Amino acid sequence: MIMPNLSIFIAWGLLSILTTITSGDLKQTLVHVTDWLIYLLLPILISYSGAKIFDQKAAVAGGVAVIGMVVVSDLPQIFGAMIIGLITGGIFYRVDRWLVPKVKPGYEMLVNNLMIGLIGGVVCLLGILVIQPLVEGSLSYVGRFVHWLIAQHLLPVVSLVLEPLKIFFLNNVINHGILTPLGMEMAQQEGHSILFLMEANPGPGIGILSAFLFAADREKSLKAGGALMIQAIGGIHEIYFPFVLMQPALFFAVMVGGATGTFVFQLFDSGLNAPVSPGSLVIILANTSPSQFAGVILGIVLSAFATFICALLFMEKRKPGESVIPERSQPMNQEPINQIIFACDAGMGSSAMGAAILKKKLMAQGINMPIDYRSIYDLRNHEKQLVIVQKALLPTAKEKAKESQLIAVEHFLEVESYLPLIKQQLHQTIAEEQIKEKREIKKQEGITVVFLYQEKRRGSQTMGMTILMDLAKEYQIDLTVKKTAVEDLVPEEEAIYLASESLAKAYQLEQFVDHLLIIDHFVSTKSYLSLVKEVDKDVFVTKRKTTIDRTHQ
């Protein structure tokens, strides 16, 4: 719900910075713009996105439902918008499944519009009377607890819980679901908030990857080197999570690093003007007031250094060449695929990187396959679709895409571990397409059946041709039927030849004709019916009298 609307946070942060360097009417206008962005536009879009998980039509009802909470509250309703969006979408989905089958043709549009307006209005009223008081009361208690932690200088203790949860890919939930709403309330009062830095701090990730870069073997060092720039500049924190999961002792390193950074931020009373996502050094510094630069930079540097030192102490020494990423082996069915989807919680960040890396590797090997990335909640069921998903989200993927082929991995950037599975499946797809193409070509060319006769004795052959053409038309088989004198015969490899037993013996046809059907009577409907059925199955046969001989297939 949050990730598709991150651009609003970025716009809000940039405009907030402009309000500090402008004056007069422009300053007042920018203040109103930033307020409308956070108090109105963002809650509407979050609620819209939450309801859209269930149905596109429900999304409009979700946008309507949140308005009541926006009007009655003095706080940005980010958390409340998440809740009311999901409630609206769930109600709409249930009602739609029950009501739509009962609607008579021609009334669908009317019923849909009535449902959207009615459900949106009812949930809006529910939000005013019930949801908003509950949400605001809950956040009030949480906010008081956070302020108490800050007053007691105990906020670093939160990092001891926050950092491990991040490693289990709960970073977006923690940042946008908890820290961002509380941080925005604090920023409205003080101009900045330390809560915007707690999850977004890239220091622990930089420390972990630096330790692998300097102390690990060549294979791990190369991977960590590439990941370091992506994590620090690109802000994709998920890229260092697998390095911690490889060696659970490194959880202590990120906990120490996170607590160190938070301690420094609190010591210098540092914070950001707006939420940041992704947690890039560039975006963090862009949302830092000049007076806050020293504390923010020092906190990031010291958290990275503390994590680096701890990681060096806790890292396990492995034998040279030993792989840090276990091989994956997950059976896949043999259905051909026409697209590959990377699906993660938000549909951004690491899934986009995984898709880009895989596409580059496949193109280097001359394999061109559509590769996309999206949120796990936007998956569509498709039997010729291969979905690559994180293991934690595998149950959701099975529910959303029941007929799709699935590969579950610890992290999308472990491309080398699951590339063989994908290549195997793609080769199967290419083979299927080639077979299908050959069959289509063969189908377009049709099958030729030739009646053989001796000299001018061809009366019964003519009657047989008529019977065979009528059967081919009845079974919708594309046959080219003709007759040829055996004296002029030049055998064609794909043609089926029909001859009497005496004619076949006299001219020894079995020795140089690949597909020969020997029949007793040219006016035998039974023999032609058997031939038509074999051709329909794309099988060429050789017959002697009434017995099928498959040695010439």
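Helices here are DSSP runs of H or I with at least four residues, strands are E runs of at least two, and both are numbered from the N terminus. The model is a predicted one, in which local features need pLDDT of at least 70 and side-chain atom pairs count only at pLDDT 80 or more, while totals for chains, interfaces and linings use all residues. Residues are numbered from 1 along each chain as its sequence is written, and side-chain values use heavy atoms, with hydrogens and water left out.

Several residues of α5 are buried, among them Ile78, Ala81, Met82, Ile84, Gly85, Thr88, Phe92 and Asp96. Buried means under 20% relative accessible area, exposed means over 50%, and partly exposed lies in between (1.4 Å probe, protein chains only). An α-helix has 3.6 residues a turn, so residues three or four places apart point the same way.

Ser73 counts as buried because its relative accessibility is 5%. Leaving out residues up to four places away in sequence, Ser73 touches Gln132 and Glu136, a contact being heavy atoms within 4.5 Å.

Glu163 belongs to helix α7 (residues 155-190). With a relative accessible area of 1%, Glu163 is buried too. Beyond its neighbours within four places in sequence, Glu163 contacts Met198, Pro204, Tyr240, Val254, Met255 and Gly258.

Across the protein chain there are 20 helices and 10 strands, and 49% of the 553 residues are buried. Of the contacts between residues at least 6 apart in sequence, 69% join residues at least 24 apart. The accessible surface comes to about 27600 Å², with 61% of it on carbon and sulfur atoms; the areas come from the Shrake-Rupley method with a 1.4 Å probe.

As for confidence, the mean pLDDT (the predictor's confidence in each residue, from 0 to 100) is 78 for the chain, and 84% of residues reach 70 or more. Where pLDDT is low, the predicted coordinates should not be read in detail.
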